[in-house]
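Dear colleague,

Please find below the sequence and the structure that I am handing over to you. My notes on the structure follow directly after it.

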Amino acid sequence: MKTSRSREVRPSGWYAAPLVMFFALFAVLPLGLVFYLSFTNYDPLFEPQWTGADNWERLREDTNAWDALWRTFLIGGICWAVQTPIALLIGVWSAGPQKNRAVLSSLFFLPLLMSTAAIALLWRRSFDVHAGWTATLPVIGDLDFLGNPDIVLYTVVFAVSWQYIPFHTLLYQSAARTIPGVLYEAATLDGAGRIQQFFRITLPQLRYTVITSTVLMIVGSLTTFDTVLLLTDGGPGQASRILPLHMYITGFRGFEAGYASTIAVVLVLLGALLSLAMVKVTGFRSMESQQEGL
C-alpha cells in the first residue's frame with residue numbers, strides 16, 4: 001500500500017515528456033532510418049533500392065568485418081585492463097586534501113581539455129619512426145610503432161588510454177571523496193595499514209564506480225573511431241582497422257551506405273547487449289542508493 005508521503009515526493013510522469021520527445025527525435029528516429037537502410041543498396045547520390053537481407057548475408061561472409069570486430073574487442077579489453085587500475089589508483093590518490101595533489105591533478109587532467117584530433121596528431125608525430133621524439137629513446141627508439149602490424153594495436157591502446165584515463169580518474173576521485181572518513185579512523189584504531197584500508201574500505205566503497213567506469217570503457221570502445229582514423233587510418237594494411245572504422249571506410253570511401261548501415265546496426269546491438277550483460281552480471285540493478293531517501 002502506498003503511503004501519502006511516497007505519493008507526495010514522486011514527480012508526475014509528464015516531467016519525462018521532454019526527455020522522451022528528444023530521445024525519440026534524436027535516437028529512435030535515426031536508428032529506425034539506419035535499420036531501414038541496412039536492407040537497401042544505398043549510394044548517397046541515388047535513391048535507396050530495397051535488397052532484402054543481402055547486406056546481412058554479405059556481413060556474415062565478410063571476413064574483414066569479423067577481423068575488425070575482433071580487433072575492436074581486443075582494443076577494448078586491453079584498454080580496460082590498462083585504464084582501470086591506473087585511473088583507480090590515481091583517483092584515490094588525488095582525492096587527498098594536500099595542495100600539491102591539487103596542482104598535480106590539474107596538470108594530469110590536461111588531456112581532457114585537448115580535442116581527439118589534436119591528441120591523435122600529437123602521438124602520430126611523436127611515434128614517427130624518423131622524426132618522432134620516441135625515435136631518440138634508447139631500447140625502443142628503433143621500434144616502428146605505427147608501421148609494425150604486431151605493435152600498432154598497442155600504440156592505439158596507449159593513445160586512447162592517455163586520452164581517457166583522466167576522465168575515469170575524475171570518476172574515482174569524486175567517488176573516493178564521498179567515503180566517510182570515520183571508516184578510516186576506525187580502521188586506523190584497529191591497526192589496519194594503508195594497503196589493508198585500500199582493499200577493505202576504499203575498493204569496496206568504490207565498487208559502483210568501478211562498474212560504471214567499466215561499462216563506459218567497454219561500450220565506448222565500440223564507438224572509438226576518430227583516434228584510430230587520424231593515428232593509423234586502420235593501417236598498416238588492416239592491422240588496426242576496427243569495426244567503426246571499417247563502417248566509415250565502407251560507407252564514405254566505398255559509397256556503400258546500405259552495407260555500412262548494416263554494420264552500424266550491429267554496433268548498436270552489440271553496445272546494448274554488452275551493457276545489459278554487464279548490468280546483469282554485476283548485479284547493478286539490485287544496487288541500493290547510498291543517499292537517504294533515494
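**A buried serine in a loop**

Ser 240 is buried, with a relative accessible area of 0%. Please keep in mind when reading this and the other values that the model is predicted. Ser 240 sits in the loop that runs between α11 (226-231) and α12 (243-253). A polar atom of the Ser 240 side chain lies 2.7 Å from the backbone oxygen of Gly 235. When neighbours within four places in sequence are left aside, the contacts of Ser 240 are Arg 71, Val 152, Leu 153, Val 156, Val 228, Thr 232, Gly 234 and Gly 235.

Thr 227 belongs to helix α11. Is Thr 227 buried or exposed? Its relative accessible area is 2%, so Thr 227 counts as buried, the cut-off being under 20%. The side chains of Thr 227 and Gln 163 make a polar contact at 3.4 Å. Not counting residues up to four places away in sequence, Thr 227 touches Thr 116, Ala 120, Ala 159, Val 160 and Gln 163.

**The chain as a whole**

The protein chain holds 13 helices and two strands. Along the principal axes, its C-alpha atoms fill a box of roughly 70 × 70 × 30 Å. The chain has 294 residues, of which 36% are buried. Among contacts with a separation of 6 or more, 67% are between residues 24 or more positions apart. The accessible surface amounts to about 18200 Å², and carbon and sulfur atoms account for 66% of it.

**Annotated transmembrane regions**

An unreviewed UniProt entry gives the feature "transmembrane region" for residues 12-39, 68-90, 102-123, 151-171, 206-225 and 257-279. Residues 102-123 are 68% helix and 0% strand, with end C-alpha atoms 27 Å apart. Residues 206-225 are 75% helix and 0% strand, and their end C-alpha atoms lie 30 Å apart.

Which residues make the nonpolar surface patch of about 1000 Å²? They are Trp 93, Val 103, Leu 104, Leu 107, Leu 110, Leu 112, Leu 113, Tyr 164, Phe 167, Leu 170 and Leu 216. Helices α5 (99-108) and α7 (152-176) are the elements that give two or more residues to this patch.

Trp 93 lies in helix α4, which spans residues 63-94, and is partly exposed at a relative accessible area of 35%. Leu 110 is in the loop between α5 and α6 (116-126), and its relative accessibility of 41% makes it partly exposed. From Leu 110 to Gln 163 there are 53 residues in sequence, and the C-alpha atoms are 9.3 Å apart in space. Gln 163 is also the partner of Thr 227 in the polar contact mentioned above.

**An exposed proline**

Pro 97 is placed in the loop between α4 and α5. With 77% relative accessibility, Pro 97 counts as exposed, whereas Ser 240 and Thr 227 are buried. Pro 97 and Arg 177 are 80 residues apart along the chain, and 9.5 Å separates their C-alpha atoms.

With kind regards

Methods. Residues numbered from 1 in each chain as written. Heavy atoms only, no water. Patch = residues over 30% accessible without salt bridge, like charges linked within 9 Å, V, L, I, M, F, W, Y side chains within 5 Å. Areas by Shrake-Rupley, 256 points an atom, 1.4 Å probe, with all protein chains shown as cover. Salt bridge = Lys/Arg side-chain N within 4 Å of Asp/Glu carboxyl O. Helix = DSSP H or I, 4+ residues; strand = E, 2+ residues; numbered from the N terminus. Buried < 20%, exposed > 50% of the residue type's maximum accessible area, 1.4 Å probe, protein only. Polar contact = N/O pair within 3.5 Å; in protein donor to acceptor, adjacent residues only side chain to side chain. Contact = heavy atoms within 4.5 Å. UniProt positions renumbered as here; feature names shortened; annotations may be inferred.
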